[in-house]
Amino acid sequence: MSQQIIIDYWVEKAEEDLASARDNLKSSRYQNAVRDAYFACFHVFSSVLLKERKTFKKHKEVRSMLHRDFIRTKKIDSSWGKHYDWLFDNRHKADYRPLTKFDPDQVQEIIEESEAFLEEMVNLLKKGIKN
């Protein structure tokens with residue numbers, strides 16, 4: 001299977017995750033919406049890593065590579081690191097911490113930021129990643 005087919009698959013999966021996040025927000029399932037927004041960003045950034053031929057085994061490795069290889073090198077704005085960190089931490093809370101609640105307005109904002117993150121990563125894929 002070609003690398004581009006897998007990259008396209010991860011981008012499509014990210015778009016599906018965002019659609020699910022929006023649906024969950026409309027249905028007041030805020031924890032699920034946060035989880036889906038996280039996975040949208042995780043999947044689209046995974047496609048960027050694949051384009052760079054970088055591999056990972058754990059979610060925290062993806063987070064580390066985002067900061068080390070893309071934020072510190074100024075390939076992307078540092079605000080994306082803050083967004084990803086918030087999602088990473090709060091997805092974990094949503095999955096493993098009982099009684100975690102999220103504000104609907106905050107979740108709406110997170111989904112919008114995740115949509116922008118996806119767009120930024122797709123643009124990065126299209127124009128090529130510069131060293």
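Residues are numbered from 1 along each chain as its sequence is written, and side-chain values use heavy atoms, with hydrogens and water left out. Because the model is predicted, local features need pLDDT of at least 70 and side-chain atom pairs count only at pLDDT 80 or more, while totals for chains, interfaces and linings use all residues.

**View A. Ser 114 in helix H5.** Ser 114 lies in helix H5, residues 104–127, where helices are DSSP runs (H or I) of at least four residues, numbered from the N terminus. Its relative accessibility is 0%, so Ser 114 counts as buried, a term for under 20% relative accessible area, with exposed meaning over 50% and partly exposed in between, using a 1.4 Å probe and protein chains only. Apart from neighbours within four places in sequence, Ser 114 is in contact (heavy atoms within 4.5 Å) with Leu 18, Ala 37, Cys 41, His 83 and Leu 87.

**View B. Helices H4 and H5.** The axes of H4, residues 78–96, and H5 come within 11 Å and cross at roughly 130°; axes are lines fitted to C-alpha atoms over the stretch in contact, and angles run from 0 to 180 degrees between N-to-C directions. H4 and H5 are therefore oblique to each other, given that angles under 35 degrees count as roughly parallel, over 145 as roughly antiparallel, 65 to 115 as roughly perpendicular and the rest as oblique. Residues of H4 that meet H5 include Trp 80, His 83 and Leu 87, and among their partners in H5 are Ile 110, Ser 114 and Phe 117.

**View C. Helices H3 and H4.** H3 and H4 pack at an angle of about 170°, with their axes 10 Å apart, and they are therefore roughly antiparallel to each other. Among the residues making this contact are Val 62, Leu 66 and Ile 71 of H3, together with Trp 80, Tyr 84 and Phe 88 of H4.

**View D. The buried residues of helix H3.** In H3, the residues Val 62, Arg 63, Met 65, Leu 66, Asp 69, Phe 70 and Ile 71 are buried, and what covers them includes helix H2 (30–51), H4 and H5.

**View E. Tyr 9 in helix H1.** Tyr 9 is found in helix H1, residues 3–26, and because its relative accessibility is 46%, Tyr 9 counts as partly exposed. Tyr 9 and Val 34 stand 25 residues apart in sequence and, from C-alpha to C-alpha, 21 Å apart in space.

Note on methods. Helix = DSSP H or I, 4+ residues; strand = E, 2+ residues; numbered from the N terminus.
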